[in-house]
Amino acid sequence: MMRTKRFFLMMAVFCMGTVVLNAQSNYKMAGPYEVVARDGRHGTSKGGSERDMKTAWECAQKGDSAKALEIINAYAGTLQRFEGHDAPLCLIQAYWLTRAMILMKENRTPAWEAMIRRSMLPVMERFEAYSPYANGNWGAIVNRCRIACAIFLDDKALYNAAIDYHLHANDNGSLPKYISATGQCQETGRDQGHVQLGLGALAEICEMAWEQGDDLWGALDNRMLTGMEYTARYNLGLDVPYETWTDCTGLYNDWTEPGEMGRGVIRDIYGLAYNHYVGRCGLKMPYTERILAIKAKAEKRGEIKKNIEADQFRVPGVKEGVKLHQVFTYPAPQGAPLKHDYDVYVQPRGKKEWTKIDTYMAKVNAAVEKGSGVTTGTGHRVTEISYAFFDFTGDAFVRVVCKNKKFKTCRIRPDYRGTIAQVENDSTVRFLLFQPENVSVEFDGNKTDNLLIFTSKPPLTADEAKKAAKKEKRQFVYYAPGLYTDKTIAIPSNATVYLAGGSYFTGTFAIEDAENVSIVGRGVARPADGYEGCHVHRSKNVSIDGMIVNTCPVGGSDGVTLHDVRSISHPQWGDGLNVFASKNVLYDRVFCRNSDDCTTAYATRKGFSGSVSNVRMTNSTLWADVAHPIFIGLHGNHEAGDSIVGLIYDNIDIIGQSERQMDYQGCLAINCGDNNMVKDVTFDNIRIEGVSEGSIAQVKVGWNQKYCKAAGRGVENVTFRNIRYYGEPSNMSVITGYDEQRKVKNVVFEGLKINGTAIYDKMPGKPAWYATADFVPMFVGSHVEGLRFQK
């Protein structure tokens, strides 16, 4: 790992452009800074630290050792940490500084290594502990700095970790997660600036490894070549094959075509790959070759635009797309239950005008705040919260003004979504949304009077929905903005019902014994008793899109989809989205804050008979003020014996559980009773936070004599994949069978992380005589077979 200087001198030719921006002996440092960040109170250090560290690298490669050493030593003696939400991106300039240190390695002092270990390596460790959560350029940038640090430190273990990350990490920044076999990249659908940023970082990783004797360029059948050629081809104005990408975070799955933003604006990242594949290996890269020819002409004409990350130039004749920033708001009708604790304003990026939107009232059975003195009873009380909603395209700013209180801190959850609260003063906060989100805005940690903000892409217009209904020979029913007080709104078969934004219903939409039904739009249906705003009974081929309800059970039905549905409830047994004896049910982008289980899968129950199969909930957020976020298996036909089979819960944020009853804890819970058989259940890519009373999981075969008439038959084949828990230590999880005939079999935890620590059977530091479950913590009872914890 000592072949360093030749590599970094060669990199100066191919990487980040060839123009030295600041390499001069009279350069005056902006820093050094003790703390470097891109956001928060140290955000002003971003530009100065970038210029300083890039100049150190440029001076080192140009031979201006005195200035390079001045900057390196200044930061080595001062820099303590990188911080903030975007701290991983600060490793862009940290990488440049490390490159400078490699070239100046003969002048190293102990302070150089100390700076790397105290300021850079912790950022890498934190990023990996909590990944995946970002677009792939983040992971590539982090790993690029990791391998450079490893080379400088002569740290073989760190170097091997970087290689392993590049080839195998479950992060968008690893090679197989960033570039597909077709060459399409994880950020291709986002925009071309970011995808080239990611590819550039990956190319530098490959070249560093090559200089150490490891061929990452050839990995996955020259995957880097394929990705570079695909991106070059698209940016030359040519068509490319594209498939909607399912990324490993679940956050970035909505891009349905290549992103036109930045198309034809070329970042100077292609030289390294071309030098390797064409120069060394004799392969062909025709599209990359055309890009480099355009660069050569741009250089002659003086058309290279200097940029600290990578010089840029344009492909003549290729039109860059324009991102359309728009917001769509829906005034509340007179008589709707509003709440006036907050003034909420929205603004499309690039516009000056703010639009005020209405805030509605909802009741929740919130957990009593700690320190309230309440130590008996359920630990809950009914309170009023606020919610508001709007749609947008592009990016949108939100500003919230607290009218009745001053605050010190603001938190926007789920934390995983990375929405940053910019506090303007003691009553106002502002934040930016890059894509539709369902978020909770909480001031000084208070969840009993928080503000929920629901956003979506705009729905079909009424005319579009009417045309689609006509084409399908359906009846079209339109509800204009206004207040509707009918107790029941019955929906017949072969009907499309359009609820205009600003329509509010105090009754229940009843879909009973019907088929081919759609409800679309932005209506609110919330009866005052806190129960069903809609229900689906004994029906087929039903779609509900965009409603805000109390609860919405599905019973005895087949082929039901709920998309962009939000459920908020407060009464006893206020389950949000129940499934009874149904099959082929999909929940996509739903939000639940409920006073009982957020979602359930029960067999025979509530007058519906039969088993459950093929249920999926995805891209959703769950908050159980009482009971479980996800609960499976309790009810069925104890005489006939039902089955609950084929359930998938993936890409879900759980942001609360507060249940004092130990037997009803478990954010991910299977309690198999009533002679049911539960099998083939997958929990995948689930983040858990905000648990005040609860645990991560319960998987039990039991006989709950309060609700069941028999024990369950068994639980088999349950996978918990990429489950991440954040927060104070949870209560004990439980896995236990009932007897020798009613067991729990084949439960696998794969990629479980608790506060960033990976939990698996061969985890470092685990005494051989300890059970892996002890580190959850988890009680594993009798009659459990095939329990495994895998990395």
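**Strand pairing and selected side-chain contacts**

In this predicted model, strand S33 (residues 599-602) pairs with strand S35 (residues 630-632) in the parallel sense, over three bridges. Within this pairing, alanine 601 stands opposite isoleucine 632 of S35.

**The sheet**
- An open sheet with parallel pairing is formed by 11 strands, in the order S18-S21-S24-S27-S30-S33-S35-S37-S40-S42-S46.
- Strand S18 (488-491) and strand S46 (778-780) are the edge strands, each of which pairs on one side only.

**Aspartate 391**
- Aspartate 391 is part of strand S9 (residues 380-393).
- Because its relative accessibility is 2%, aspartate 391 counts as buried.
- Its side chain makes polar contacts with the side chains of tyrosine 330, at 2.5 Å, and arginine 522, at 3.1 Å.
- Not counting residues up to four places away in sequence, aspartate 391 also touches others, including Phe328, Ser456 and Lys457.

**Aromatic pairs and cluster**
- The whole structure contains 31 aromatic pairs.
- Among them, tyrosine 133 and tryptophan 138 are edge-to-face, 6.0 Å centre to centre with 75° between the planes.
- The pair of phenylalanine 683 and phenylalanine 720 is stacked, because the ring centres are 4.9 Å apart and the planes lie at 15°.
- This pair links distant parts of the chain, 37 residues apart: phenylalanine 683 is in strand S38 (residues 677-688) and phenylalanine 720 in strand S41 (residues 714-725).
- Both phenylalanine 683 and phenylalanine 720 are buried.
- One aromatic cluster comprises Tyr330, Tyr360, Tyr387, Phe389, Phe454, Tyr504 and Phe591.

**Charges over rings**
- Arginine 263 places its charged end over the ring of tyrosine 234, 3.7 Å from the ring centre.
- The charged end of arginine 399 sits over the ring of tryptophan 354, 4.5 Å from its centre.

Conventions:
Residues are numbered from 1 along each chain as its sequence is written. This is a predicted model: local features need pLDDT of at least 70, side-chain atom pairs count only at pLDDT 80 or more; totals for chains, interfaces and linings use all residues. Side-chain values use heavy atoms; hydrogens and water are left out. Two strands pair if DSSP finds at least two bridges between them. Helices (H or I, at least four residues) and strands (E, at least two) are DSSP runs, numbered from the N terminus. Buried means under 20% relative accessible area, exposed over 50%, partly exposed in between (1.4 Å probe, protein chains only). A polar contact is a pair of N or O atoms within 3.5 Å; within protein, one must be able to donate a hydrogen and the other to accept it, and residues adjacent in sequence count only if both atoms are side-chain atoms. Contact means heavy atoms within 4.5 Å. Rings of Phe, Tyr and Trp (its six-membered ring) pair if their centres lie within 6.5 Å; planes under 30 degrees apart count as stacked, over 60 as edge-to-face and the rest as tilted. A charge sits over a ring if NZ of Lys or CZ of Arg is within 6 Å of the ring centre and within 35 degrees of the ring normal.
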